[in-house]
Amino acid sequence: MDEMEGVCVEDCTRCEALVASRSRIVNGAGPADADLLFVGEAPGAREDERGEPFVGRSGDVLDDALRNARLDRGDVRITNCVRCRPPDNRDPSTEELANCRGYLETEIDRVDPEIVVTLGKVPAEHLLQRDVAVTAEAGDVVDVEIEGTRRQVLLCVHPAATLYDRSQEDTFVDTIEKAADYTDAESGQSRLGDW
Ligand code: URA
């Protein structure tokens with residue numbers, strides 16, 4: 001079986017409101033065997049337009065922090081809890097998160113990363129299945145069972161948080177630095193600048 005079978009969702013009509021608001025399904029991007037898997041909330045306008053997660057302003061913030069940690073965006077996998085843009089950029093509903101959960105679980109299972117990094121409150125609470133005070137807990141690594149497998153989940157603030165609250169910048173950058181440590185840990189995946 002193709003190890004990435006089922007990871008790319010071609011067609012889905014489970015969420016009526018999202019089918020109406022999306023122009024396309026935005027699947028995860030990046031290597032199928034990445035050490036780091038970043039999970040955001042849902043696509044925004046730019047992502048919906050381009051068909052790739054985190055390509056708008058939040059994506060620029062993420063790319064900068066990755067570069068700062070000597071990582072390239074092309075070396076990490078980036079996905080979202082929900083693959084279709086919610087209307088008016090509202091948070092995905094509990095039902096929408098549940099409808100899309102199987103796709104996310106399949107992606108986590110197939111990529112089998114060293115660590116899953118949640119970007120913001122929605123993905124943290126979705127994967128941990130509890131309330132998360134994301135600013136206070138940012139940088140924490142939590143052991144969670146996802147579809148029968150123990151996973152390490154690193155909690156991170158959403159990159160957009162740094163745009164409206166500069167004090168979150170250090171927290172964000174430090175957490176991405178911490179995530180980068182997991183690329184070196186076991187696989188020896190190269191960082192930029194190691195060449
Ligand atoms: N914010 C998210 O949570 N996901 C994206 O893909 C873009 C912005």
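Colleague: Which helix is the place of Glu 137?
Modeller: This is a predicted model, in which local features need pLDDT of at least 70, side-chain atom pairs count only at pLDDT 80 or more, and totals for chains, interfaces and linings use all residues. Residues are numbered from 1 along each chain as its sequence is written, and side-chain values use heavy atoms, with hydrogens and water left out. Helices (H or I, at least four residues) and strands (E, at least two) are DSSP runs, numbered from the N terminus. Glu 137 falls within residues 134-137, which form helix H6.

Colleague: Is Glu 137 buried or exposed?
Modeller: Buried means under 20% relative accessible area, exposed over 50%, and partly exposed in between (1.4 Å probe, protein chains only). Glu 137 has a relative accessible area of 16%, so Glu 137 is buried.

Colleague: Which residues is Glu 137 in contact with, leaving aside its neighbours within four places in sequence?
Modeller: Contact means heavy atoms within 4.5 Å. With those neighbours set aside, the partners of Glu 137 are Arg 130, Asp 131, Val 132 and Leu 155.

Colleague: How many residues of helix H5 are buried?
Modeller: Helix H5 spans residues 121-128 and is mostly covered. The buried residues include Val 122, Leu 127 and Leu 128. They pack against strands S1 (36-40), S3 (115-119), S4 (141-146) and S5 (149-156), and against helix H4 (94-111). The count for H5 is 6 of its 8 residues.

Colleague: Which residue with a positive phi follows H5?
Modeller: The phi in question is near 55°. The residue is Gln 129.

Colleague: What separates the C-alpha atoms of Leu 62 and Val 173?
Modeller: Leu 62 lies in helix H3 (residues 57-68) and is buried, with a relative accessible area of 0%. Beyond four places in sequence, Leu 62 touches residues including Phe 38, Phe 172 and Ile 176. Leu 62 and Val 173 are 111 residues apart along the chain, and their C-alpha atoms are separated by 8.9 Å.
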